[in-house]
Amino acid sequence: MTDGTWSGSVRDAVVVGGGLAGITAALALADAGVRVTLLEGRPRLGGLAFSFQRGELTVDNGQHVYLRCCTAYRWFLDRIDGAALAPLQDRLDVPVLDVTKPEGRRLGRLRRDALPVPLHLGRSLATYPHLSLAERAKVGRAALALKGLDLADPTLDAQDFGSWLTAHGQSARAVEALWDLVGVATLNAVAGDASLGLAGMVFKTGLLSDPGAADIGWARVPLGELHDRLARKALDSAGVRTELRSRVTSISRNSQSENGRWIVQVPGETIETDAVVLAVPQRETYDLLPDGALDAPDQLLRIGTAPILNIHVVYDRKVLVTPFLTALGTPVQWVFDRTEASGLEEGQYLALSQSAAQDEIDAPVAALRERYLPELERLLPRTRGAEVRDFFVTRERTATFAPAPGVGRLRPGARTKAHGLYLAGAWTATGWPATMESAVRSGIGAADAALSALGRPRPRHLFDVEEAA
């Protein structure tokens, strides 16, 4: 129990939520000399990017990737000494298989050359076999139009990306074989359901800002190794008091305190503090917000959510020869080889990441098995005759906020109207869709706002994120 009697100029803060946003905020505050308590209701850190055990397998709840342009998440990996465990590709290279074509003619690739933007993708687009010559030319013109969008224009948020693509000459095939191939995985929505502002941000930043911006990185170890074990080690080293299984029940102002301190209540403990960072999902934030903290708190409840379905298949032999691939002409979206990361010593473990999975998120496992195993046989000939040793499903029904048109005006910033209370989470106003990058950026933003109010200098290394972005 803190009592506000610490000597000198030590200030204290409580961070509620141990996902990437909360971990980042706690580290940034602690690095600036603030005494931090991090409270997480789950028995682990990491939020919705975590691992669990299934027999001898260590399983990620879902496949998470990041891009070279994700400077905040890359800062986070460096800060927890985890960058070597989640390396980036040397150069963007995405195998794209179209199962509607004869075997031997199915493979296309999206990859970049060592040329300046937009020439870095020119050869890949010119030879992309899944679009006609006319469609490829129109894609190039649409990309240049995207590059010209002013992302600061608030009217973009009200428009949907699908209508914009149609207006710029994109066929249904081009949307399926290129725009949604990237957009569904990054936005968790098809083009017609996505805000033009968020989609424009994804494509401008990822594909049209720097030649290497879209190079893909992913963890070669279980996510829990990064977001739980290494994160906890970094928090401990920074002096953060981390309490798991500690669900906050209320946040209120101390009416007896002259300097406006806060009271955070958890079962069995009352914590008094100078500042609070709420780094939990929007509905939980709504429940904990004190009256008057936001002008229109009901807007938080209008931020929709979108699901991601993850299908896990263990075969008795190797059936995929690349680290990952994406597919056309099949319900299968992205397939990743998780064999080594999971600890599997024999056979191969594949993880299918199915975004925007509203139609299947509650489907029975038996129905999903009946649908997806034949699709994998269509996609990967080596699966034919292979023994399926395990098949299971993980579901994140509220994996991300829905990037629907109009969502931008619903996302609050880090500061609230209540002095000393700040918000963080991928769903807040970071300018990014619901990604690990957005979560880390939100934590930095909330910590920055709190440090300003607490009169603490901002750790210099946090500026690196903004300068690199």
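A residue counts as exposed when its relative accessible area is over 50%. R245 has a relative accessibility of 64%, so R245 is exposed. Keep in mind that this is a predicted model. R245 sits in the loop between β9 (241-243) and β10 (250-253). Its backbone is worth a look too: R245 is not a glycine, yet its phi is positive, near 55°.

D81 has a positive phi of about 60° and is not a glycine either. You'll find D81 in the loop between α2 and β6 (93-98). With 66% relative accessibility, D81 is exposed because that value is over the cut-off of 50%.

## Where α2 meets α8

How do α2 and α8 cross? The axis of α2 comes within 9 Å of the axis of α8 (residues 223-237), and the two cross at roughly 60°. The pair therefore counts as oblique.

On the α2 side, the contact is made by Y73, F76, L77 and R79. Their partners in α8 are L226, H227 and A234. Sorted by class, the contact has 5 nonpolar residues, 1 polar and 1 charged.

Now for α7 (residues 196-207). This helix has 12 residues and spans 16 Å from its first C-alpha to its last, close to the 16 Å expected at 1.5 Å a residue. Its N-terminal end is capped by S195, which places a side-chain oxygen 3.1 Å from the backbone nitrogen of G197.

How many residues of α7 are buried? The count is 10 of 12, so the helix is mostly covered. Among the buried ones are L196, M201, F203 and K204. The elements that cover the buried residues of α7 include the helices α4 (133-147), α5 (161-167) and α6 (172-187), along with the strand β18 (388-401).

## The α6 side of α7

One of those covering helices, α6, has its axis within 11 Å of the α7 axis, and the two cross at roughly 110°. That makes α6 roughly perpendicular to α7.

Which residues meet here? From α6 come W179, V182, G183, T186 and L187, and from α7 come L198, A199, V202 and F203. By class, this contact has 7 nonpolar and 2 polar residues, with no charged ones. As a general point, an α-helix has 3.6 residues a turn, so residues three or four places apart point the same way.

## T416 in its loop

Is T416 buried or exposed? T416 has 13% relative accessibility, so T416 counts as buried. Its place is the loop between β18 and β19 (421-423).

The side chain of T416 reaches two backbone oxygens: that of A418 at 3.1 Å and that of L421 at 2.8 Å. Leaving out residues up to four places away in sequence, T416 touches A293, L294, L421, Y422 and L423.

## A cis peptide bond

Last stop: the peptide bond from V117 to P118 is cis, and its omega is near 0°. P118 is in the loop between β7 (107-111) and α3 (122-126).

Terms used. Residues numbered from 1 in each chain as written. Predicted model: local features only at pLDDT ≥ 70, side-chain atom pairs only at ≥ 80, totals over all residues. Heavy atoms only, no water. Axes fitted to C-alpha atoms, helices over the stretch in contact; angles between N-to-C directions. Helix = DSSP H or I, 4+ residues; strand = E, 2+ residues; numbered from the N terminus. Parallel < 35°, antiparallel > 145°, perpendicular 65-115°, else oblique. Contact = heavy atoms within 4.5 Å. Nonpolar A, V, L, I, M, F, W, Y, C, P; charged D, E, K, R; others polar. Expected span 1.5 Å × (residues − 1). Buried < 20%, exposed > 50% of the residue type's maximum accessible area, 1.4 Å probe, protein only. Polar contact = N/O pair within 3.5 Å; in protein donor to acceptor, adjacent residues only side chain to side chain.
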